[in-house]
Amino acid sequence: MLLPLLKRIIQGVLVLWGIVSILFLIFYTFGDPVDYLVEDNVDADTKAAIRAKYGLDQSIWVQYGTYI
């Protein structure tokens, strides 16, 4: 009786992980999120500061780990 419940829990966790991973990839392919946060006339230093604040200047694997 405990084994089917454990199997369902593991399946649920895997499905949730898959959905979150797909969403991360979708949002990652849209381009730089900083461009959506600021206006067009913002200088590069401000954009770099925003990237550093939100961790967008790190590798994709670090960003994915933070996202998870």
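Which residue forms a salt bridge with Asp35? I looked up Lys47, and the closest N and O atoms of the pair are 3.3 Å apart. I count a salt bridge when a side-chain nitrogen of Lys or Arg lies within 4 Å of a carboxyl oxygen of Asp or Glu.

**Ground rules**

I am working on a predicted model, where local features need pLDDT of at least 70, side-chain atom pairs count only at pLDDT 80 or more, and totals for chains, interfaces and linings use all residues. I number residues from 1 along each chain as its sequence is written, and side-chain values use heavy atoms, with hydrogens and water left out.

**Salt bridges**

I found two salt bridges in the structure. I started with Asp35 and Lys47, whose closest N and O atoms are 3.3 Å apart. Asp35 sits in helix H2 and Lys47 in helix H3, so this pair ties together parts that are twelve residues apart in sequence. My helices are DSSP runs of H or I with at least four residues, numbered from the N terminus.

I checked accessibility next. Buried means under 20% relative accessible area, exposed over 50%, and partly exposed in between, with a 1.4 Å probe and protein chains only. Asp35 is partly exposed at 40%. Lys47 is buried at 18%.

Then I took Arg51, which forms a salt bridge with Asp32, the closest N and O atoms being 2.4 Å apart. Arg51 is in helix H3 (residues 44-54), while Asp32 is in the loop between helix H1 (2-29) and helix H2 (33-37). The two are 19 residues apart, and the pair links distant parts of the chain. Arg51 is partly exposed at 24%. Asp32 is also partly exposed, at 23%.

**Largest pocket**

I read off a volume of about 350 Å³ for the largest pocket. Of its 16 lining residues, Phe24, Tyr28, Pro33, Leu56 and Gln63 are the closest to the centre. A pocket here is an open set of points on a 1 Å grid over the protein atoms alone, where a 1.4 Å probe fits, with protein on both sides within 12 Å along at least five of seven lines; lining residues have an atom within 4 Å of a point.

H1, H2 and helix H4 (60-67) each supply at least two lining residues. H4 gives the largest share, four residues. By class I get ten nonpolar, five polar and one charged.

**Ala44**

I placed Ala44 in helix H3. Ala44 is exposed at 57% relative accessible area. From Ala44 to Leu16 I get 37 Å, C-alpha to C-alpha, at 28 residues apart in sequence.

Notes:
Points joined across faces, edges and corners; volume = space filled by probe spheres on them. Nonpolar A, V, L, I, M, F, W, Y, C, P; charged D, E, K, R; others polar.
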